[in-house]
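Here is a short briefing to read beside the model. Keep the structure open as you go through the points.

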Amino acid sequence: MIFSHFVSDDSSSEEETTVDLAKQRPLLRSVFDPLQLFNQANKWISLAMEPNEQQDARRYFFSKSGIPGVVMCVDGTHIKIIAPVDDYNQHCNRKGYYSLNAMIICDHLIKIRYVNAKFGAVNHDSHIWNVSGMDNFSETKHRRGETAFKILGDAGYPSKSWLITPKRNPALNTPEAAFNKNHAFGRKIVERTSGLLKNRFRCLLGARQLHYTPVKVTQITNVCCILHNMCIAYGMEEPNSDE
């Protein structure tokens, strides 16, 4: 589509670009005016949920995982970059390439509710969670009695009343093993969200490599997340994955 050409290194056919321009116009304005887009970041990416949104999210996650009170899901995804001049040792991941470890939180509609792409690859998911402010945010909600505002995370995250992670080393054919299987089903949506984000904005794909400083890559990732949510809001079709 037209707007994604500016944040993607993938080409599109003429037929693919002949889409509803009325839908794309707000997106195009934001692409050509980055300041306007950044000024609207809190509008497009927010942890705030209306009561009906929370209810729909809890129903969705319960249907997938059987875990009550879940409204969102968290995971880390790596954004490949060139070796930075400064602190390059903070950005080399265990697979041997340089990247940022971006923490993404999504809801049941694959909408990104929070993104933190400031940290290099050597930072563990649990560390990013703890220093991002998300733990304090979630704990505050629970202290106020909002205990049905839980987030699913994989084993890389700390287990909390508000952050539901898999059981450690469960034996086969036990309730703990069944819990982990259902937990994984509920968590698939954040993997889909990250995959869709990178498929829409292919500069973020692992097969690519962003030739910018980590600070600039953080900004690019944030903009792509905003545009991802705008795509959802304006009913843009999901791109076909050919990678």
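**Pocket, sheet and helices**

In this predicted model, strand β1 (residues 70-80) gives the largest share of the lining of the second largest pocket, three residues. The points below cover that pocket, then the sheet, then the helices.

**The second largest pocket**
- A probe the size of a water molecule, rolled over the atoms, shows where empty space is left.
- The second largest pocket holds about 430 Å³ of space.
- Its lining has 15 residues, and His-78, Asn-93, Arg-94, Asn-101 and Ala-121 lie nearest the centre.
- By class, the lining has eight polar, four nonpolar and three charged residues.

**The sheet**
- Five strands form an open sheet in the order β3-β2-β1-β4-β5, and the pairing is mixed.
- β3 (112-116) and β5 (163-164) are at the edges with a single partner strand each, so one side of each has no neighbour in the sheet.
- Strand β4 (residues 150-152) pairs with β5 in the parallel sense, over two bridges.
- Ile-151 has Leu-163 of β5 as its bridge partner.

**Helices across the sheet**
- Helix α7 (residues 134-143) lies across β2 (99-106), β3 and β4, and runs at about 140° to β4.
- Helix α9 (residues 214-233) lies across β1, β2 and β3, and runs at about 180° to β3.

**Helix against helix**
- The axes of helix α5 (residues 51-65) and helix α8 (residues 175-200) come within 7 Å and cross at roughly 135°.
- From α5, the contact uses Tyr-60, Phe-61, Lys-64 and Ser-65; from α8, Asn-182, His-183, Phe-185, Gly-186 and Ile-189.
- These contact residues divide into four nonpolar, four polar and one charged.

Notes
Residues numbered from 1 in each chain as written. Predicted model: local features only at pLDDT ≥ 70, side-chain atom pairs only at ≥ 80, totals over all residues. Heavy atoms only, no water. 1 Å grid on protein atoms, 1.4 Å probe; cavity = no way out; pocket = protein on both sides within 12 Å on 5 of 7 lines; lining within 4 Å. Points joined across faces, edges and corners; volume = space filled by probe spheres on them. Helix = DSSP H or I, 4+ residues; strand = E, 2+ residues; numbered from the N terminus. Nonpolar A, V, L, I, M, F, W, Y, C, P; charged D, E, K, R; others polar. Axes fitted to C-alpha atoms, helices over the stretch in contact; angles between N-to-C directions. Contact = heavy atoms within 4.5 Å. Pairing = 2+ DSSP bridges.
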